[in-house]
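Good morning, colleagues. Please keep the sequence and the coordinates in view.

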Amino acid sequence: MISIQSFRVAVFAVLAGASTFVGTAEAAAPISNLVAPGFYRVMVGDFEVTALSDGTAAFPMDMLLTNITPDQFQKAMAKAHLKNPIETSVNAYLVNTGTKLVLIDTGAAKLFGPTLGRLQASLQASGYTAEQVDEVYITHMHGDHVGGLMIGDKMAFPNAIVRADKHDADFWLSEENMNKAPADGKDGFKGAMFSLNPYVKAGKFKSFEGNTDLLPGVKALASHGHTPGHTAYLIESKGERMEFWGDLMHVAAVQFEDPSVTIQFDSDSKAAAEQRKLAYTDAAKKGYLVGVAHISFPGIGRVRAAGKGYVWLPINYSPVK
Ligand SMILES: [Zn+2]
Ligand SMILES: [Zn+2]
């Protein structure tokens with residue numbers, strides 16, 4: 001027979017347990033200020049690739065996309081269950097070849113507002129330091145790709161050589177071009193100069209022209225159009241291949257289905273659209289991985305042909321590498 005005393009203890013324990021449970025659910029979970037570590041790792045042969053999140057920013061894509069009607073845009077948004085302005089990822093990629101640590105793009109730092117600029121935190125969370133980075137390869141000199149080269153007035157990667165296509169350097173680092181640009185186009189030049197010039201002055205910037213072998217298993221692939229020197233990067237190890245696309249894609253929900261859709265930021269819309277189509281076709285045909293700056297983090301996946309367009313296949317999740 002159970003005593004009153006032990007019955008009370010048992011009831012109290014149950015209630016205490018219940019109230020502890022409720023308390024945990026109500027009080028302990030951070031609601032909005034906890035951000036998951038922004039890195040994700042895959043192996044490509046012997047090369048380790050780490051996607052690094054710089055954060056996200058909301059872009060009014062209805063105003064930015066070109067060669068698309070408002071009706072087509074609305075239909076694409078509804079089909080993808082997306083709301084405009086679209087919360088858009090900004091991703092960079094760290095490649096460890098075994099002998100060199102290469103960062104492809106650097107995020108925006110403070111150039112695009114407070115929701116971006118997380119690259120350094122993501123890098124540290126992934127187990128690396130900025131001092132370890134040997135080379136930084138820039139896909140193009142828009143602020144959301146080069147801003148992270150600087151932390152305030154200090155070089156963010158003090159031991160790195162920075163590389164980009166000469167056509168982008170000649171265009172974006174030219175005072176003359178900036179003076180010729182309309183008032184609302186000058187910030188792009190200022191951001192590029194602020195981010196790159198300290199490396200140029202320190203003798204740490206080395207340009208290349210067009211398709212170039214950069215390291216064993218690492219190549220630059222010219223994809224000029226979005227900017228005059230826009231470049232994709234290719235890595236190959238043990239028969240496996242991955243490409244890093246930079247801005248060959250801005251809005252996956254729209255441009256995979258219709259690669260002819262372009263964006264206001266394109267220097268040459270026609271060339272940009274051609275380069276996108278070539279990249280999607282090749283990736284779909286060969287099935288290699290791609291890492292894409294503005295596809296939802298980690299922005300790693302493959303492309304499949306579908307009708308006149310393409311479908312994005314995000315990489316199958318795996319936490320262990
Ligand atoms: Zn861009
Ligand atoms: Zn971009």
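Let me begin with the grid terms: on a 1 Å grid over the protein atoms alone, a pocket is an open set of points with protein on both sides within 12 Å along at least five of seven lines, whereas a cavity is a set of points where a 1.4 Å probe fits but cannot get out; lining residues have an atom within 4 Å of a point. Grid points are joined across faces, edges and corners, and a volume is the space filled by probe spheres set on the points.

This is a predicted model, so local features need pLDDT of at least 70 and side-chain atom pairs count only at pLDDT 80 or more, while totals for chains, interfaces and linings use all residues. Residues are numbered from 1 along each chain as its sequence is written, chains are lettered from A and ligands numbered from 1 in the order in which they are written, and side-chain values use heavy atoms, with hydrogens and water left out.

The largest pocket has a volume of about 760 Å³. Its lining comprises 25 residues, of which His142, Trp172, Asp184, Gly188 and Phe265 are the closest to the centre. Helices and strands here are DSSP runs, numbered from the N terminus (H or I, at least four residues, for a helix; E, at least two, for a strand). Two or more lining residues come from each of helix 2 (61-64), helix 5, helix 6 and helix 8. Helix 8 gives the most, with four residues.

The volume of the largest cavity is about 40 Å³, and among the residues lining it are Asn91, Tyr93, Asp105, Trp245 and Ala293.

I turn now to the metal site. Donors are N, O and S atoms within 2.8 Å of the metal (3.2 Å for Na, K and Ca); water is not among the atoms, so sites may look incomplete. Which protein donors does the zinc ion (ligand 2) have? They are Asp144 (OD), His145 (NE2), Asp247 (OD), Asp247 (OD) and His294 (NE2), at 2.1 to 2.6 Å. Along the chain, the donors of this ion follow the spacing D-H-x101-D-x46-H. The zinc ion (ligand 1) is 3.5 Å from the zinc ion (ligand 2), and Asp247 coordinates both. His145 lies in helix 5 (residues 143-146) and Asp247 in the loop between strand 14 (240-244) and helix 9 (252-255), so the pair ties together parts that are 102 residues apart in sequence. Buried means under 20% relative accessible area, exposed over 50%, and partly exposed in between (1.4 Å probe, protein chains only). Both His145 and Asp247 are buried.

Next, the packing. A nonpolar core is a set of buried Ala, Val, Leu, Ile, Met, Phe, Trp, Tyr and Cys residues joined through side-chain atoms within 4.5 Å. In the largest such core, of 31 residues, the members that touch the most others are Leu103, Val136, Met141, Leu149 and Phe157. The elements giving two or more residues to this core include strand 4, strand 5 (101-104) and helix 4 (119-125). Its largest share, five residues, comes from helix 8. Apart from this core lies another, of 22 residues, among them Phe47, Tyr93, Phe208 and Ala220.

With contact taken as heavy atoms within 4.5 Å, and neighbours within four places in sequence left aside, the contacts of Phe157 include Leu103, Leu119, Val136, Leu149 and Tyr199.

Towards the end of my list is a strand pair, where pairing requires that DSSP finds at least two bridges between two strands. Strand 17 and strand 18 (residues 309-314) run antiparallel and are joined by six bridges. Arg302 stands opposite Leu313 in strand 18. The two strands form a hairpin with two residues between them, and Gly307 in the turn has a positive phi of about 60°.

Finally, the backbone. Another joins Phe297 and Pro298, with omega about 5°; Pro298 is in the loop between strand 16 (289-291) and strand 17 (300-306). Asn67, although not a glycine, has a positive phi of about 60°, and Asn67 is exposed, with a relative accessible area of 52%. His81, also not a glycine, has a positive phi of about 55° and is exposed at 75% relative accessible area.
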